[in-house]
Amino acid sequence: MARPFDVVELESKWQQRWRESGLYEVDNDDPRERFYALCMYPYPSGAAHQGHVRNYTFGDLVVRYQTMLGKAVLSPFGFDSFGLPAENAAIKAGSHPRIFTDQRIEELKSSVQKLGAVYDWRREVHSHDPDYIKNSQLIFLKFFEAGLAYRANAPVNWCPGCATVLANEQVNGDGTCDRSGDLVERKNLEQWFFKITDYADELLNEVDGLEWPERVKTMQRNWIGRSEGAEFALSVDGQPDVALRVFTTRPDTGFGVTYAVVAPEHELLPTLTTPEQAAAVSELVERARGASELERTASSDSGAGLDKRGAFTGSYVINPFTGDKVPVYVADYVLGTYGTGAIMAVPAEDERDYAFAQVHGLPVVRTVAPPEDFDGGAYAGAGVKINSGFLDGLDVDSAKKAAIEFVVKNAAGESKVNFRLRDWLVSRQRFWGCPIPVVYCDGCGIVPVPVEQLPVVAPDDVAMNKSGQSPLATHEGFRNTTCPTCGGAARREADTMDTFTDSSWYFLRFTDPFTAGKPFDPTEAAKWMPVDQYIGGIEHAILHLLYARFYMKALVDVGLAPGLPREPFKKLFTQGMIRMGGSKMSKSKGNLVAPQQYYDSVGADGLRLFHLFVGPPNEDFDWTDQTNDVIDGCARFIDRLWRLAELEDVVWRDTADESDLAIRRATHKTIVRVTEGFEKWGYNTGVAALMELLNALSKWARDAHGAHRATFDEALDTMCLLLAPMAPHVASELWARRHGDDQFVHAQSWPTADPAMLVDDTVTMVIQVAGKVKARLEVAADISEEAAIAAALQEPSIAALLGGAAPSRVIARPPKLVNIVP
RNA sequence: GGGGGCGUAGCCCAAUGGCAGAGGCAAGGCGCUUAAACCGCCUCCAGUGAGGGUUCGAGUCCCUCCGCCCCUACCA
């Protein structure tokens, strides 16, 4: 595209001037009202792609807009610089992940700066900086001290491709690794956990008060997965010392329990298995152990394969409600990790139990009367209790309460709340992460590394591999140490922490990156927290946001963040994703579109305007063949504005006339529309409003009728101000050309509309008959209801339609509409 | 299976329950030009996925269905 100015030169000039001006460097004691705007800090994967562009454009808009509203806006940037891709790349290249990472950081930083996004770079943070590592470790030790970090042998998700353990959150629904796509295996290992489950209730309850997208809030609630019910014991027939504890959300269905099921991992399974059934049970257990999650969850609807996925143990338990003996099965549809790992099965009121019962020929006893027209198997809805002894006639909710009372008295029961949320497994058998700061001593056990010895930093000469063993474990110099307590020989922990631990507190470090010796000074952090506006992708709706919320609460509780709010992010905005050819634009899909070519042609401003204009920010959009044309269109808008500002052959009039009034009104209405766009994340309509104003202004200024200077200046200055957050470079340049080279448009106040300019003298009033538009009338804007009705009825075409008959009803919404119902 | 979102012109998208069109892209035309591009001006195009309901009035609210997308899932 031929541009009326040198876009590359202009943009780099202003980027330099912003840096030099320090306009967006804010100090913690800034007297202005504070505002903390934050985009999720990125993993440094190389030069920016359109997803970054979109993200940081929105973030920059918030920063520049809030600044023009007179606030001190904290706008920090940093890098989530630990992680697998760098380690894998280093293994491949035979180099060190730090080299790779630092390179990528420079690339991403440079392309973000070329976007014209402004940050307080003095506060830049990298997760892999020794200082950051030290503080991450200090937090770990505080968690350990408080009992929030613990070590346990646990079945874990092992990804053979990544050669590491994964958190539950990193395993896909089909049992594959979120990152590599490999099938995840189950292994028992000694691992470090964070006790996020201690906060399950708080994490759930406080979701309600967050100004977050409903969708994200729902996802958080579902992930935490609170279920209310009862836990009680089933006594085992013939084994008086053994009881099988089960959890249910439907204690009211107790009379319908026709069998029980334990998970293949259940500790009582050997006790329950009779010699006759041993072969069948062990076959089932082997199958379940070897089976991937994928196989294990397959065909759950159809019931196909269920015969092979369950086996009778040979034992019976007593249904405490009926006193009946019911068989105990082992089946892989019951999970060892949820509830007690055992269930009471009620085929009549649970679909999975029903499908299993059908296959294994187990009886079905209804305890809730289904609706008359019900013809399915299990009925899980509301209704009246039947076949349920003392519960008969009750509704489900009352019956639940009564049944819980019953099991409390008769079956060692209690009402119980279970969560789907598990403790957070933070150990990773990888090199490029924050080392876990503990040592193991034969005499003293687990010993935390003393704070004054932090950070524990990995040596550079570690052989990285994918053997599944932590690379640090192979480095004798690192591994062998002395016990801080007894001075004897000890071994360092060789695992590193999940990188989600780094991203769980970086927003706090940003508030106070200068304090040494601790993660942040609470009084400094309290000046900015919580983050007023957090911006990021929907892909972080569960993991990152949940972990960060947990960290915030835990940091307060362990005393590192006294006085700070327990929720870190007040408002959250999740941007829509960019699709291309039907799938998400991503590095792994190889369908990235780099911004550089656009920086060179339409400029960052043109590209920014495109991302703002293409549609609502929270909605996805498709990058198509037509997209480049639309981007050109956005640059064309900038060019048209430029030419108008530089237009020389305007006929200037000395006095204002009616046409000036129209332009002034258009100008002030545009202020309202663009401001609303900023407040309601409707940038697309804001850009459209600016285009509209430019069209009107351009036509008016070029007309032989001529323009009045003050009107023109007001309109053009207003456009520069409104565009300052959206297209900051060209807005800066035009402002400086109009007001002097030392003038910054971004140091100006956001314009406010004159209310007098927002009302028109006359309005087109629509006259409807029975809801259909029949006539239009130009009326005074302040017309009364009576006058509007009178005018409508007097309108000849309306009078003719009514034929002299009195209308049965007239609805007037002056001055816009009168609706006559004949 | 559960949850959420979307469906308006050839395309992207606007419309506090009140005239379906603000803006852009594409297409076509005119002007400018030796010509083209650029630039300026103009034109064209849908009755809102389907069907019900509420209302004086529905793209908008409610219900059913269709299509596409995202998230989630043996969680007892």
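This is a predicted model: local features need pLDDT of at least 70, side-chain atom pairs count only at pLDDT 80 or more; totals for chains, interfaces and linings use all residues.
In strand β31, K772 is the bridge partner of V769.

**The four-stranded sheet**

- Strand β30 covers residues 762-769 and is joined to β31 by eight bridges. The two strands run antiparallel.
- The sheet is open and has four strands, in the order β31-β30-β33-β32. Its pairing is mixed.
- Strands β31 (772-780) and β32 (809-813) form the edges, and each of them pairs on one side only.
- On average, neighbouring strands of this sheet are turned by 15° against each other, direction ignored.
- Helix α24, made of residues 785-794, packs on the sheet and touches β30, β31, β32 and β33 (817-821). The direction of α24 makes about 60° with that of β33.

**A buried alanine**

- A90 is part of helix α3, which spans residues 84-93.
- A90 has a relative accessible area of 1%, so this residue counts as buried.
- Leaving aside residues up to four places away in sequence, A90 touches S95, H96, P97 and M464.
- W432 is 342 residues from A90 along the chain, yet the C-alpha atoms of the two are separated by 9.9 Å.

**Aromatic pairs**

- The structure holds 57 aromatic pairs.
- One of them is formed by F194 and F550 and is tilted, with 6.4 Å centre to centre and 40° between the planes.
- This pair links distant parts of the chain: F194 belongs to strand β7 (residues 185-194) and F550 to helix α16 (residues 543-557), 356 residues apart.
- Both F194 and F550 are buried.
- Y598 and W623 make an edge-to-face pair, at 6.1 Å centre to centre and 70° between the planes.
- Y598 sits in helix α17 (residues 596-601) and W623 in the loop between β27 (621-622) and α19 (627-646), so their pair ties together parts that are 25 residues apart in sequence.
- Y598 and W623 are buried.
- Ring pairs also link residues into a cluster, whose members include F140, F143, F144, W192, F194 and F550. Tyrosines in this cluster include Y199, Y547 and Y551.

**Charges over rings**

- The charged end of R34 lies over the ring of W528, at 5.6 Å from the ring centre.
- R420 has its charged end over the ring of W223, 4.4 Å from the centre of that ring.

Terms used: Residues are numbered from 1 along each chain as its sequence is written. Chains are lettered from A and ligands numbered from 1 in the order in which they are written. Side-chain values use heavy atoms; hydrogens and water are left out. Two strands pair if DSSP finds at least two bridges between them. Axes are lines fitted to C-alpha atoms, for helices over the stretch in contact, and angles run from 0 to 180 degrees between N-to-C directions. Contact means heavy atoms within 4.5 Å. Buried means under 20% relative accessible area, exposed over 50%, partly exposed in between (1.4 Å probe, protein chains only). Rings of Phe, Tyr and Trp (its six-membered ring) pair if their centres lie within 6.5 Å; planes under 30 degrees apart count as stacked, over 60 as edge-to-face and the rest as tilted. A charge sits over a ring if NZ of Lys or CZ of Arg is within 6 Å of the ring centre and within 35 degrees of the ring normal.
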